[in-house]
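Okay, thanks for coming, everyone. Let me put the model up and then walk you through a few spots in it.

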Amino acid sequence: MNDTRVATVLAYHTRSKHALDRYAAGPGTLDWEAQPKAFRDWAGAQQIGLPRAVVVSEISWDALPVARPSLPLNTSNLGSLLRLCVGLTAWKEYAGSRWSLRAHPSSGNLHPTETWLISSGVAGLEDGLYHYQNLHHALERRAWGSAPQESGVWLGFSSIHWREAWKYGERAFRYCQLDLGHVLAAVSYAAALHGWRPRLLNLDTAAVARCLGLDREADFVGVEGEEAEVIVALDADAGVLPTSWQHWAGKPGLLDARPLYQWPVIEKVAEATHGAPPATDSLLTHSTTEHIFKADIAASQVILQRRSAQAFDGESVMPHAVFKRILTGLLPGGSPVWELWPHTARVHPVLLVHRVEGVAPGLYVMPRSEPAKASLQTAFRETFSWQLADPELPLLQLVAARAGKTARTLSCHQDIATQCAVTFMMVAEFAGPIAADPAAYRHLHWEAGMLGHVITLEAEAAGWRGTGIGCFFDDADHEVLGLKDDQFQVIYHYAIGMAVDDPRLLTLPAYE
Ligand SMILES: Cc1cc2nc3c(=O)[nH]c(=O)nc-3n(C[C@H](O)[C@H](O)[C@H](O)COP(=O)(O)O)c2cc1C
């Protein structure tokens, strides 16, 4: 049984690779008018508007890792938290088109992740299961009526694959999982700001589906299904998750009335990767690193102004202190994100450094665990030099070389990969974890997305910007690194640099 699932995952990964001479199967044509709706309504569910104020705007980015007393669980504080992790942050307008952006990035801005909230004992909110409606910053009451429980709040997440598959075809499942990693990281930062210590529940996919009502098949007849992902207890002290409700309301809206293509392999890999995230046996506390670079900016401002760069200037040199600060955030304990994901690191950044003060252009690796260093060294190209490049970070130079053109080619010929200061490749420990548990395929992508989110927010706080790069030529990356099998696979790229804004875009507020 496990063998079949492993085979399904590995086969999916191989067929969804982009190659220099062939892109993974995707739609031949895109009808932009027929793009699936960005927001799902639950018709018939009572809608409860949430307070929009950010209640933690006084905390600076530098103060973020410092533990602070938990704010009480009430609708003001929950409204503030949701704005800072999954809420809208702006509308953009250009040539008669208008689109919204959120606190976390998403491949193609398609936002496959849906957010759910389960509340128990929250002042001003009836106990129940709610769908978070990002468009109006409101909760839609999906279920209620349970025996009184201890108080707590849980956020649940599901993916609507079609939102991504519509545009990206078979590779879309990977993007849904990377997006979810960004969302989980966004939750970590927002929770830390409110003094909450979030924790992933060790529930399998079927249990998550049950808790979020996603297994109520009759409700989803004729509309796109939602794939259960994960539930996060907002605070480590939360009581027992309420799971049974007496009353249900609402019918999910249809997102795409005329889907042109079908990508059945996505549902197959989704099923093969059902499972639970690794159990958390201890809570990791992030260390308070004394950074040389001071980010004297409000943390909520960093989060609300975050954007993906659509172009970089191709010349700015990143100060060494900013570079070090970003890399420190990726190490265990370096960011609140690793409190939510306190597991042995399995995804390791390789860096193509183009323009960083005091760092020779070239290829570098930063193994995030001690054992990974040895296994990467065995797997990578024999000719790499493995020279320690920093006295305080586990950063090793592999080759000194100008790699701008290579980075561009590897990243599906995208200019951002060469105009930036650094391009990252996220190298995942792959075949081993998936053979042990096929659900690891999702979790590795989450970890890569979390890394991307730390990079992006640290860069933003320092006046720089990041962009996720889901489009890259998988085996061309492996060729550069000398990887000969699937012990390791690159699963994400990232770029950071000095952004060039597009002056043609008009920016409007998220909520009027
Ligand atoms: C998983 C993932 C993959 C992405 N891939 C690319 C990419 O290949 N090229 C690109 O220019 N932007 C890419 N992006 C950036 C998105 O286009 C961007 O997040 C989206 O347009 C929303 O804009 P915002 O991040 O400014 O909110 C990616 C983002 C994510 C999360």
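So, to start: how far does a polar side-chain atom of S308 lie from an oxygen atom of the ligand? The answer is 2.5 Å, and that is a polar contact, meaning a pair of N or O atoms within 3.5 Å.

Quick housekeeping before I go on. This is a predicted model, so local features need pLDDT of at least 70 and side-chain atom pairs count only at pLDDT 80 or more, while totals for chains, interfaces and linings use all residues. Residues are numbered from 1 along each chain as its sequence is written, and side-chain values use heavy atoms, with hydrogens and water left out.

Q414 puts a polar side-chain atom 2.7 Å from a ligand nitrogen, and a polar backbone atom of C471 sits 3.4 Å from a ligand oxygen. On its own the ligand exposes 620 Å², and the protein buries 85% of that; those areas are Shrake-Rupley with a 1.4 Å probe.

There are 20 residues around the ligand, and R307, S308, Q414, G468 and G470 come nearest. The shell splits into 7 nonpolar, 10 polar and 3 charged residues, with Gly counted as polar. Both α4 and β18 (465–469) supply at least two shell residues each.

Let's stay with β18. Which sheet is it in? An open one of 7 strands, in the order β15-β16-β14-β13-β17-β19-β18, with antiparallel pairing. Strands β15 (387–388) and β18 are at the edges with a single partner strand each, so one side of each has no neighbour in the sheet. Pairing here takes at least two DSSP bridges, and β18 has 5 of them to β19 (residues 488–497), running antiparallel. Among those partners, G468 goes with Y494 and I469 with H493. As for cover, 4 of the 5 residues of β18 are buried, that is, under 20% relative accessible area with a 1.4 Å probe, protein chains only.

Last stop, helix α3, residues 161–168. How many of its 8 residues are buried? It's 6, namely H161, W162, R163, E164, A165 and W166. What covers them includes β5 (113–120), β8 (152–159), α4 (172–193), β10 (227–233) and α6 (264–272), where contact means heavy atoms within 4.5 Å.

Definitions and conventions
Buried < 20%, exposed > 50% of the residue type's maximum accessible area, 1.4 Å probe, protein only. Near = heavy atom within 4 Å. Polar contact = N/O pair within 3.5 Å; in protein donor to acceptor, adjacent residues only side chain to side chain.
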